[in-house]
Amino acid sequence: MSGFGGGPRRRVEAKRQRSRNPIHGQRQSMTMDCNSILSWNVVTGREFDVVGHLVPENIPVFGQYYWDRDVFDRVWKLMEFLKYIHKENNIALGGFNFNNIVVVRGTPKLFNVNAQINDDSNIAADFQSFAEIINFLYEWRMIPGELRALQAKLWHWAALKGRGICNADLIYDHPSLWDEARCLAFRRNFVDWRPFVPSSMLGNYHDAIRGMNLPRNASCWQHFVPPQSAFISCFKYKVYNETPEDLASFQRNCVAHIARYSENGTMFNQFTLEAMMQDLFPMHLVELVSRLYERGFSTTFFTL
């Protein structure tokens, strides 16, 4: 006899289905692994904690970049959740705020939000709410340029989509939220994979890089490479012009070769190398990926 509720097997299966689906009652939930620099600051012994603990408690002494990357990792995790809601469940939330966010065993989740029709207006409301969350995470601190670029697309997504230059995929997979390994892979593959770009897309490829702004709107990007930097070694074997194409080539060579060198006896790792890239050439990767996307390339074309 199965008994009330359809028997143990049916109840177990129903529980499994609820664990797969982030919509159960009014709670939205999704569990994902997250490798962050700092652990989520969750009070031991409490299942739920307030959204304030999404913010790292202190700026580490080893640099603003490290703190930013930790926040980026948390923003990425929330973005993955929103992508899951929109694409896997084909619904939207129609807007939310930081009072709807809790941290459950180290994972950020949304609660007390209702599912809405997955149309452009509700998706746009979700994206604008997400932009507000970024403001909340940084409070009085300066938001890095990469995240400000993401915010601009979040605020104005509906208008940008109408112009055909920003589908939701560019927001879900915005380069400001990539980890170091993927950033470095893009910097290298953008040059190395040029022979594999379809002939019909070569014009768009060259147009994307040739129209780039040089870092800090300067006419001479080589002047920003400090003479004591390990990057100087890449000038020994190649003469570079002051063009966006040669800047991309220089970054490729740094990624390909600098990781094998050491500075002060310490081997470069991916985190250190990308931190240096971001410091010397801020916004370069974000702008280039966006320009490629506007010209028909997917965000994963050079990072698969």
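Below we look at one residue, then a pair of helices, then one more helix.

This is a predicted model, in which local features need pLDDT of at least 70, side-chain atom pairs count only at pLDDT 80 or more, and totals for chains, interfaces and linings use all residues. Residues are numbered from 1 along each chain as its sequence is written, and side-chain values use heavy atoms, leaving out hydrogens and water.

Start at Val-75, which is found in helix 2 (residues 64-88); helices here are DSSP runs of H or I with at least four residues, numbered from the N terminus. Val-75 counts as buried because its relative accessibility is 1%, where buried means under 20% relative accessible area with a 1.4 Å probe, protein chains only. Leaving aside residues up to four places away in sequence, Val-75 touches Phe-130, Ile-134, Leu-137 and Leu-177, a contact being heavy atoms within 4.5 Å.

Now turn to helix 8 (residues 202-210) and helix 11 (residues 284-294), whose axes come within 9 Å and cross at roughly 145 degrees. Axes are lines fitted to C-alpha atoms, for helices over the stretch in contact, with angles from 0 to 180 degrees between N-to-C directions. Helix 8 contributes Tyr-205, Asp-207, Ala-208 and Ile-209 to the contact, and helix 11 contributes Leu-288, Arg-291 and Leu-292.

Finally, find helix 10 (residues 270-280), which is mostly covered, with 8 of its 11 residues buried. Among them are Phe-271, Leu-273 and Met-276, along with Glu-274 and Gln-278.

Key: Buried means under 20% relative accessible area, exposed over 50%, partly exposed in between (1.4 Å probe, protein chains only). Helices (H or I, at least four residues) and strands (E, at least two) are DSSP runs, numbered from the N terminus.
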